[in-house]
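Try each task before you read its solution.

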Amino acid sequence: MSLILADENAEYEVVRIEGGHGSYTKFLEMGLVPGARLKVIYNAKGPIIIAINGSKYALGKGLASKIIIKEVA
């Protein structure tokens, strides 16, 4: 599922990144690569806030829709 559908306070694993080279490079710099784990801090109106590798990032819904994730049990 896409990151924009994620629940708050849940942990997910990045499955794949969709989009072009520019967005992939941006995600790579943040550590958002397949296999990486992230936690969704906030997902309501406005940007989605995630935590990954000890850092927090705010992603717009358009950019976040390119991140395909699965829930971590």
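**Exercise 1.** In which segment is Ile4 found?

Start with the ground rules: this is a predicted model, where local features need pLDDT of at least 70, side-chain atom pairs count only at pLDDT 80 or more, and totals for chains, interfaces and linings use all residues. Residues are numbered from 1 along each chain as its sequence is written, and side-chain values use heavy atoms, leaving out hydrogens and water.

Now look for Ile4: it sits in the segment before strand 1 (strands are DSSP runs of E, at least two residues; helices are runs of H or I, at least four; both are numbered from the N terminus).

**Exercise 2.** Work out whether Ile4 is buried, exposed or partly exposed.

Take the cut-offs: buried is under 20% relative accessible area, exposed is over 50%, and partly exposed lies in between (1.4 Å probe, protein chains only). Ile4 has 32%, so it's partly exposed.

**Exercise 3.** Find the salt bridge and check how exposed its partners are.

First, the rule: a side-chain nitrogen of Lys or Arg within 4 Å of a carboxyl oxygen of Asp or Glu. The structure has one such bridge, and it joins the side chains of Arg16 and Glu18 at 3.0 Å, N to O.

**Exercise 4.** Which residues does Ile50 touch?

Count heavy atoms within 4.5 Å as contact, and skip residues up to four places away in sequence. The partners include Leu3, Leu32, Lys39, Tyr57 and Leu59.
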